[in-house]
Amino acid sequence: MEEQRTNVRELAAPQNPESLPVVSLDQAHSPQKVLAHGELIRRFVAGEELKPIHMRIGIMGACNMRCNFCNFHSPNEEQFYDLFSFKDAIPTEKAVRLLREFAANEGRAVTFCGSGECTIHPGYTEICRAGHEAGLRVGLITNGSRLGRPEVAACVAATHTWVRIGLNAGTEATFTAITRDREHTFASFVDSAGRLRETAADPEFRIGFNYVITRQNHEEILEAAHVARSSGAHYIRFEPEFYSALGHDTIDSVMPRVSELLLEAAQLATGDFEVSVPKLDRGPMDQVDDVEGDFEQCHYSRFVTAVGADGNLYPCPQVHLNSRYRIGNVVEDGYAQVLEGGPRAEWEVSNPRRTDLCKSCFYRPQNELLELLKHGRIQLDQALEAYRVEVPRTLHADFV
């Protein structure tokens, strides 16, 4: 049993080479969460049909910032995100209907993210309240510019399970230079995070910051960790700049300094504040020959799905708004119809293995673990028991 538990723990966590800091993820972003769903895993291993329980959705293509590392506005991604348009948006009434359909089809959680900034959608609060009333747990990835507005703050406090804010700098000057922000958002972070942590209704509510490490901001890693901790946030999560065709090459030359600063930032962790140290050497997704990860098929998309601001269903957020992965329009045709009426099944048949656009997978640990379970190379009962012992209570389990 001890050997089994160790194998499961290692497979369900990303790792850096010995020359880089040890990966240390905060509770909210543990890739082991899939093991908290024993019934679903059993159905998966048995080859039964599954409906995704977690939806990632972008209701807006537009954004009120223009971060210079943003994939959707980068010349490095012009071929990859070929369906992106800042003009796309899902109308309020259609977004409400979609979330209700999702909840009625075994959906449990929804994360608002996508290519734009969801909180600038004129119906954001209405959509969130409707999803919450339908029984969905709600998460938000945001640039934070609207969290200080009373209507949005009240909605988030009443309906959200978690919020992750893009920090991306340790000083206001660098933040403004990177994001082209015109609303003095950086100065509002300390008040917004602490206030929402105090007023949120969900007992599992967590709010934290995400920091995309670039050549321009890498020297402010430590300063950002101090800002996040003083704000009253639960965590700060670091991740390297990533492009599908480049991987992390943009910061390769400063990686020793990045590693040094991440180790210093990790020392700021306390019982109430987590510092997440990322995988730093992930390769590109396309335009390369090397394939990362010991798995042949994408299994994670059986549990999680993605919807773009164009209304189309995609297998995961990593490849949404790419025409090769478009499954069907759930806004116009209905979620259940696309999921069970043929389009999703047709996609599974036509794309049963990893294609040249998935050579590096953000969900590699989950996919490797699921494939080992599927083929019996790890015994299911032992894996579930090992996880139960290791993690008696899973935080935000439905956000797999």
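Predicted model: local features only at pLDDT ≥ 70, side-chain atom pairs only at ≥ 80, totals over all residues.
Q: What makes strand β4 largely enclosed by the rest of the structure?
A: A residue is called buried when its relative accessible area is under 20%. Seven of the seven residues of β4 (residues 160-166) are buried, so this strand is largely enclosed.

Q: How do you know that β1 and β2 pair?
A: Two strands pair if there are at least two bridges between them. Four bridges join β1 (residues 54-57) to β2, and the two strands run parallel. I57 stands opposite F112 in β2. Four meets the cut-off of at least two, so β1 and β2 count as paired.

Q: Why is the crossover from β1 to β2 called right-handed?
A: The chain goes from β1 through helix α3 (residues 92-104) to β2, as a β-α-β crossover. With the strands pointing away from the viewer, a path that runs clockwise from the first strand over the helix to the second is right-handed. This crossover is right-handed, so its path runs clockwise in that view.

Q: Which way do the residues of β2 point, and are they buried or exposed?
A: In β2 (residues 109-112), A109 and T111 point one way, while V110 and F112 point the other way. All are buried, which means under 20% relative accessible area. In a regular strand the side chains alternate between the two faces of the sheet.

Q: What makes β3 a partner of both β2 and β4?
A: Four bridges join β2 to β3 (residues 137-142), and these strands run parallel. F112 stands opposite L140 in β3. The chain crosses from β2 to β3 through helix α4 (residues 124-133), and this crossover is right-handed. Five bridges join β3 to β4, again in parallel, and the bridge partner of I141 is R164 in β4. Here the chain crosses through helix α5 (residues 150-159), and this crossover is right-handed too. Both bridge counts meet the cut-off of at least two, so β3 pairs with β2 and with β4.

Q: How do you know that β4 and β5 pair?
A: Five bridges link β4 and β5 (residues 206-213) in the parallel sense. G166 stands opposite N210 in β5. At least two bridges are needed, so five are enough.

Q: What lines the second largest pocket?
A: About 440 Å³ of space lies in this pocket. Of its 24 lining residues, the closest to the centre are A13, V23, S24, L25 and P31. By class, the lining has 13 nonpolar, seven polar and four charged residues.

Methods:
Residues numbered from 1 in each chain as written. Heavy atoms only, no water. Buried < 20%, exposed > 50% of the residue type's maximum accessible area, 1.4 Å probe, protein only. 1 Å grid on protein atoms, 1.4 Å probe; cavity = no way out; pocket = protein on both sides within 12 Å on 5 of 7 lines; lining within 4 Å. Points joined across faces, edges and corners; volume = space filled by probe spheres on them. Nonpolar A, V, L, I, M, F, W, Y, C, P; charged D, E, K, R; others polar.
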